[in-house]
Amino acid sequence: MGAIRQDFPIFSSGIAYLDSANTTQRPQVVLDAMRAYYTEYNANIHRGAYAISEMATERFEGARQRLAQFINARSPDEIIWTRGTTESINLVAYSWGRANVQRNDLIVLTVMEHHSNLVPWQILAAERGAQIEYVDIDGAGELDLDGFAALMRREPKLVAFTQVSNTLGSINPVQELVAAARAAGAVVLIDGAQGAPHLGFDVQASGADFYAFSGHKMAGPTGIGVLWGRRELLASMPPFMAGGDMIRSVTLKGTTYADAPQKFEAGTQAVAEAIGLGAAVEYLSGIGLANIHRHEQDLTEYAMESLQDLGGIRIFGPPAGRRSGVVSFDLEGIHPHDLATILDRHQVCIRAGHNCTQPLMERLGVAAVARASFYLYTEKGEIDRLLEGLKDAKRIFA
Amino acid sequence: MMDDQFYREYILDHYKNPRNFGHLDHADIAHEEVNPLCGDVIGMEFAVKQGVIEDVRFYGRGCAISQASASLLTERLKGMTLEEARKLGKDDVVEQLGIEISAARLKCALLSLKVLKVGAYGLADVD
């Protein structure tokens with residue numbers, strides 16, 4: 001994977017970037033694709049009857065097609081552009097949720113969810129008088145499958161969980177969980193923010209109903225993401241936001257809506273970003289998700305061993321072979337914020353805090369953690385620099 | 001090795017041996033705040049007599065910057081009139097820490113001031 005690093009112009013600055021679970025870096029091909037839109041055929045889509053508008057529409061819809069292929073959707077019409085995973089989940093909570101969730105219905109989530117897969121459901125549940133139950137984790141930071149099965153016997157209306165934990169790195173057994181949830185009659189949403197970039201996803205094989213992910217966590221731009229939904233479900237759902245480009249016909253008496261995906265894409269879309277994400281997905285597919293995952297597991301194993309050797313460290317989550325490229329840890333006596341500040345002085349970028357998983361922090365009995373996370377461009381040398389920085393922190397706080 | 005301009009000895013000392021740490025037997029005023037960015041918590045308790053802060057304690061958990069900042073602040077508050085304490089601001093706290101602090105870490109440094117302002121004096125948020 002050596003040559004890959006040169007595809008990412010930011011690394012000429014010399015930083016060690018270990019915060020890819022937060023946001024990734026972008027390769028030149030993505031930046032070029034966005035720049036080409038702005039400099040060569042910048043026009044709005046779906047309306048202008050002139051050449052560059054048609055070209056913009058073609059590239060924009062081409063990106064949708066590419067995303068559909070990436071997750072093996074039946075049709076590009078099942079791909080809805082959003083600003084990211086958060087908006088994708090909110091769309092489902094507001095549109096499908098308010099049309100379907102009723103008083104005393106059960107929603108099942110897990111304690112390892114990111115706030116974006118917790119808060120929209122808490123708001124919905126409070127509004128509808130629905131209940132929420134959370135699947136716990138075991139000592140290794142993996143989902144309690146017996147607890148999950150027990151909750152399925154209560155016939156939940158919705159089951160939502162993450163493909164990969166952004167704090168623990170745990171890879172959840174999606175196939176097994178979806179099968180159990182569907183058998184119980186539930187609609188299933190999967191948060192793919194940490195899964196799609198590293199493992200990919202096959203929506204048809206998964207059996208899920210909704211899949212949400214973000215562009216900026218997979219070498220694409222910020223401000224763009226995807227909600228995939230089963231065509232029949234999308235057809236039955238009311239619009240989430242209303243305005244231009246999502247209608248069939250508007251009169252002063254009322255409006256009929258366009259079909260999905262346009263029904264959920266009110267207003268001018270993030271055209272350059274969608275095209276950029278299309279380019280990112282093409283780039284990742286060219287390298288191969290299996291190769292990316294293997295590279296990350298190699299790095300994760302190396303990082304976990306090196307960290308253990310440091311001493312006085314607590315590493316959260318499962319063994320390297322059972323996780324994605326995420327390692328959260330706590331160095332005895334030094335707050336993660338202080339670690340991050342000292343590491344910054346070594347030009348090493350990590351995340352420090354609760355990672356938007358406060359309930360998980362509480363479950364783990366910590367206020368915050370330090371997190372190093374990897375991607376296809378990460379090198380072992382960067383992990384060595386992390387170790388050097390951590391040794392320096394130990395010296396300062398000794 | 002980096003220089004230790006940020007984590008100076010006195011800051012580490014206040015972090016490891018915080019002054020006025022714990023609880024008062026009887027507090028006239030008590031308040032705590034959470035930094036939503038990191039979940040760090042600081043609480044403060046005051047014993048006030050005739051407009052003068054006779055005693056103060058702080059408790060909580062957090063990074064070296066938030067803990068040292070709180071510890072330094074309590075040292076300064078003891079014996080101050082409420083009037084004087086009300087006038088303390090962001091610049092006083094930063095100056096007292098004596099280090100160059102980034103925007104990202106400013107929230108850590110100012111958490112204890114926020115506790116003082118919001119809790120004890122009902123003033124608006126400091127940030």
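Predicted model: local features only at pLDDT ≥ 70, side-chain atom pairs only at ≥ 80, totals over all residues.
How does chain B do overall? Its mean pLDDT is 86, with 91% of its residues at 70 or more. For the model, the scores are ipTM 0.84 and pTM 0.93.

## Where the two chains touch

Now look at the place where chain B meets chain A. Chain B puts 16 residues into this contact, and chain A puts in 15 residues. What classes of residue does chain B use on the side that touches chain A? There are 10 nonpolar, 2 polar and 4 charged residues.

## Two domains in chain A

Chain A splits into domain 1, made of 2-18 + 289-397, and domain 2, which covers 29-286. Taken over C-alpha atoms, the centres of these two domains of chain A are 28 Å apart. Where they touch, 22 residues come from domain 1 of chain A and 21 residues from domain 2 of chain A.

Which elements of domain 1 give two or more residues to the side touching domain 2 of chain A? They are helix H11 (289-310), strand S12 (326-331), helix H13 (358-364) and strand S15 (369-373) of chain A. H11(A) supplies the largest share of that side, with 4 residues. Sorted by class, the residues on this side of domain 1 of chain A come out as 10 nonpolar, 7 polar and 5 charged.

## A helix with a buried face

Next up is helix H14 of chain A, residues 380-397.

Which residues of H14(A) are buried? A:Glu382, A:Ile383, A:Leu386, A:Gly389, A:Leu390 and A:Ala393 are. Seen down the axis of H14(A), the buried residues fall within an arc of 115°, which means they line one face of the helix. Here's a handy bit of background: an α-helix has 3.6 residues a turn, so residues three or four places apart point the same way.

What covers the buried residues of H14(A)? The cover includes strand S1 (16-17), H11, S12, helix H12 (336-344), strand S13 (348-349) and S15 of chain A. Over on the other side of H14(A), A:Lys380, A:Gly381, A:Lys391 and A:Arg395 are exposed.

Definitions and conventions
Residues numbered from 1 in each chain as written. Chains lettered and ligands numbered in written order. pLDDT = per-residue confidence, 0-100. Contact = placed C-beta atoms within 7 Å. Nonpolar A, V, L, I, M, F, W, Y, C, P; charged D, E, K, R; others polar. Domains from an automatic or database assignment. Buried ≥ 20, exposed ≤ 12 C-beta atoms within 10 Å, placed from the backbone. Arc of directions from axis to C-beta.
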